[in-house]
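Subject: Handing over the structure

Hi,

Here is the structure I promised to pass on. Please have a look, and my notes follow below it.

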Amino acid sequence: MQFEQKVKGLISLLVLEDNPEDVALYERRLARQSNEYQFDVTHCGTIAEAKESTKKKQHDCYVVDYKLPDGEGMDFIHHLNTITDPSNPCAILMITGQGNEEVAVEAMKSGVHDYLTKKSISEGYFVRPLLNALQRAMLSSEVDFYQRELERSNKELSDFTHTASHDLKAPVRRIIAYCEMLAEDAGGKLNEDENGMLERMKLNATRMQSLINDLLMFSMIRTEKEHPKKLNISGIIDDIREEMKDQLDEHGTEIIMDDLPEMNVYPVRLKQLFTNLFSNALKYKSEQAPIIRISCKQKDGESTLFCVEDNGLGIAKEFHEDIFEEFKRLHNQEDIEGTGLGLPICKKIISKHGGEIWVESELGQGSKFFFTLNSVSD
Ligand code: ADP
């Protein structure tokens, strides 16, 4: 229900206050605006009574005194937080004595929408803040609703991509195997054109396989449950050096690295990040032998800034943001193979570590990929 519609009807209000004079004061304030707003007031003098009342119904607004005979107003607010239905939001106002503002601010962190002093109420300040609080509560519940919807539909999409790419893996693997068998068994009987067609068939199926693998990885990163581990980042680079040895040696690649720190990271994914950046440094190399430099500096507290620099083809300024979008490629498939998912995967991995990634580069001047990494907690 919209706020405007809600305040046209009867607004149910629970007042938790043990002092009869204060109750009378609130009632006077409500009566003054009774030609505009209609309140159905339930008055409770103790937390126990108020809890009993919430068993019968959820009110639109709660006005809660800070000190009560059977406890503190906060006890009741904690209770409200546990029983409130998120699709039926309510406003909570705390009433404090003069000088209790710090307590009230603390209360706001626990779900209270606003606080009022008794002095400000006697000066006439009551119905407006109550309605403002109700409007905020309703808006924030709407935002929460759309956020949950967005998360749900993102997950649905990611699950769909995951299932589709997973199920496509086996048939494509079979197509590649049949291409190989056909080339072996019948290759000699085919003419040049036919052999060419068979080769292109295998090449395209292999491209499809890379795309499926990247799609699968892309869809998994956000939801998978990898346990963080304390690792020396230099160790990860050494592992990649070993695994990519043939490719690195083939181009005479030099890798230079700073002393890299130990951090709590998702190990498989972080390795994937560096592997993607190294592969790109090789794929998009210039005429010189590739040089990859990995440097880092502590930024603040937990966050560390890394840079993976290459001396390759470089990237024109207008594409610095686009290249992190899915399927965005600046190079033709026939010239340099790729799926356009390498950097989006890097971006997702960095975001999983609470960081950001960006590039600084000029065409023909090599590229510097910067990213921040935070140690993740278990
Ligand atoms: P892919 O390499 O599969 O095309 P990426 O997402 O890894 O996909 O990269 C997107 C595009 O950004 C690439 O197609 C390429 O044009 C450009 N690019 C990425 N890394 C580099 C680099 N180190 N040097 C120059 N261009 C790069």
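Let me start with one serine: Ser-141 lies in helix α7, residues 127-186 (helices, DSSP H or I, have at least four residues, strands, DSSP E, at least two, and both are numbered from the N terminus). Ser-141 is buried at a relative accessible area of 14% (buried is under 20%, exposed over 50%, and partly exposed in between, with a 1.4 Å probe and protein chains only). Setting aside residues up to four places away in sequence, Ser-141 touches Pro-86 and Pro-89 (contact means heavy atoms within 4.5 Å).

Before going further, a word on the source: this is a predicted model, in which local features need pLDDT of at least 70 and side-chain atom pairs count only at pLDDT 80 or more, while totals for chains, interfaces and linings use all residues. Residues are numbered from 1 along each chain as its sequence is written, and side-chain values use heavy atoms, with hydrogens and water left out.

Now to the helix pairs. Helix α9 (residues 233-243) packs against helix α11 (residues 267-283) at about 55°, with the axes 10 Å apart (axes are lines fitted to C-alpha atoms, for helices over the stretch in contact, and angles run from 0 to 180 degrees between N-to-C directions). That angle makes α9 oblique to α11 (under 35 degrees is roughly parallel, over 145 roughly antiparallel, 65 to 115 roughly perpendicular, the rest oblique). On the α9 side the contact includes Ile-236, Ile-237 and Ile-240, and on the α11 side Leu-270, Phe-274 and Phe-278 are among the residues involved.

Helix α8 (residues 192-220) and helix α12 (residues 342-352) also pack with axes 10 Å apart, at an angle of about 20°, and are therefore roughly parallel to each other. Here Asp-214, Met-217 and Phe-218 of α8 meet Pro-344, Ile-345 and Lys-348 of α12.

Leaving aside neighbours within four places in sequence, Leu-273 is in contact with Cys-346, Ile-349, Ile-350 and Phe-371.

Best wishes
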